[in-house]
Amino acid sequence: MASLAGRLAYTGTQVNYFLVCPRKLWLFSHDLTMEDSSELVELGRLIHETSYARRRKEIRIGRIVIDFAEAGGVIHEVKKSNRLEEAHRYQLLYYLYYLKGWGVSGLRGELNYPKLRQRVAVELTPAEEQKLEAMLGQMEAVIVRTEPPGRLEKNSICKKCSYYELCYV
């Protein structure tokens, strides 16, 4: 088992990318960032900035960035679509895990999909924590590789990915 510091060395984006595509995780983790030129990423940023404007205040804690928090110990992650909900859920679970690793407990999470007017409650249970720890080990195995993992069979997610050109062009 990796040390606490090793398990808290990731960003929420890395957890998200691992579940979407290990190749994307590797590229991102090796400083090949393509998000700055993606119109879809820019649209996501705009949704972040305009949704929950009165409550939204981004909170940076070490390697994580929480979209906003509210009284009662609820942290929020805002997303434009629920299409990749599992990746979103584990990104938020990682935030809860990260904070627990630094001694902050009793928190809950909520995924917010403002365009869909949906909210999804997220709680770090012992079973989810165990799955997350296994996932972090798998992520490390991807990141330390000297070459990126193979590309996925092209699917609809790939067509909208900011890394598309590195995989299919």
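**View 1. Strands E4 and E5 run side by side.** Strand E5 (residues 108-113) is joined to E4 by 5 bridges, and the two run parallel. This is a predicted model. His-76 stands opposite Glu-110 in E5. Helix H5 lies across E4, E5 and E6. Its direction is at about 150° to E5.

**View 2. Strand E4 is a covered strand.** How many residues of E4 (residues 74-78) are buried? The count is 5 of 5. Val-74, His-76 and Val-78 point one way from the strand. Ile-75 and Glu-77 point the other way. Both sets are buried. In a regular strand, side chains alternate between the two faces of the sheet.

**View 3. Strands E3 and E4 form a hairpin.** Strand E3 (residues 68-70) pairs with E4 in the antiparallel sense, over 3 bridges. Glu-70 has Val-74 in E4 as its bridge partner. Between the strands of the hairpin there are 3 residues. Gly-72 takes a positive phi here, near 95°.

**View 4. Four strands make an open sheet.** The order is E3-E4-E5-E6, and the pairing is mixed. Which strands stand at the edges? They are E3 and strand E6 (118-122). Each has a single partner strand, so one side of each is left without a neighbour in the sheet. Neighbouring strands of the sheet are turned by 25° against each other on average, with direction ignored.

**View 5. Strand E6 pairs with E5.** The two strands run antiparallel, and 5 bridges join them. Glu-110 stands opposite Ala-121 in E6.

**View 6. Helix H2 is mostly covered.** Of the 9 residues in H2 (residues 12-20), 7 are buried. Among them are Gly-12, Gln-14, Val-15 and Asn-16. Tyr-17, Phe-18 and Val-20 are buried too. What do these buried residues pack against? Their partners are helices H3 (22-29), H5 (85-101), H6 (126-143) and H7 (156-159).

View 7. A disulfide is a covalent bond between the sulfur atoms of two cysteines. To count here, the two sulfurs must lie within 2.5 Å. How many disulfides does this rule give? The count comes to 0. For Cys-21, the closest cysteine sulfur is in Cys-167, at 6.0 Å, which is too far for a bond. For Cys-158, the closest is in Cys-21, at 6.3 Å, again too far for a bond. Are Cys-21 and Cys-158 buried or exposed? The cut-off for buried is under 20% relative accessible area. Cys-21 has 11% relative accessibility, so it counts as buried. Cys-158 has 9%, so it counts as buried too.

**View 8. The close-ups belong to one chain.** The chain has 8 helices and 6 strands. From the N terminus on, the elements run α-α-α-α-β-β-β-β-α-β-β-α-α-α. Of its 169 residues, 41% count as buried. Take the contacts with a separation of 6 or more: residues 24 or more positions apart account for 66% of them. The accessible surface of the chain comes to about 9700 Å². Carbon and sulfur atoms hold 51% of that surface.

Notes
Residues are numbered from 1 along each chain as its sequence is written. This is a predicted model: local features need pLDDT of at least 70, side-chain atom pairs count only at pLDDT 80 or more; totals for chains, interfaces and linings use all residues. Side-chain values use heavy atoms; hydrogens and water are left out. Buried means under 20% relative accessible area, exposed over 50%, partly exposed in between (1.4 Å probe, protein chains only). Contact means heavy atoms within 4.5 Å. Two strands pair if DSSP finds at least two bridges between them. Axes are lines fitted to C-alpha atoms, for helices over the stretch in contact, and angles run from 0 to 180 degrees between N-to-C directions. Accessible areas come from the Shrake-Rupley method with a 1.4 Å probe; for residues, only the protein chains shown count as cover.
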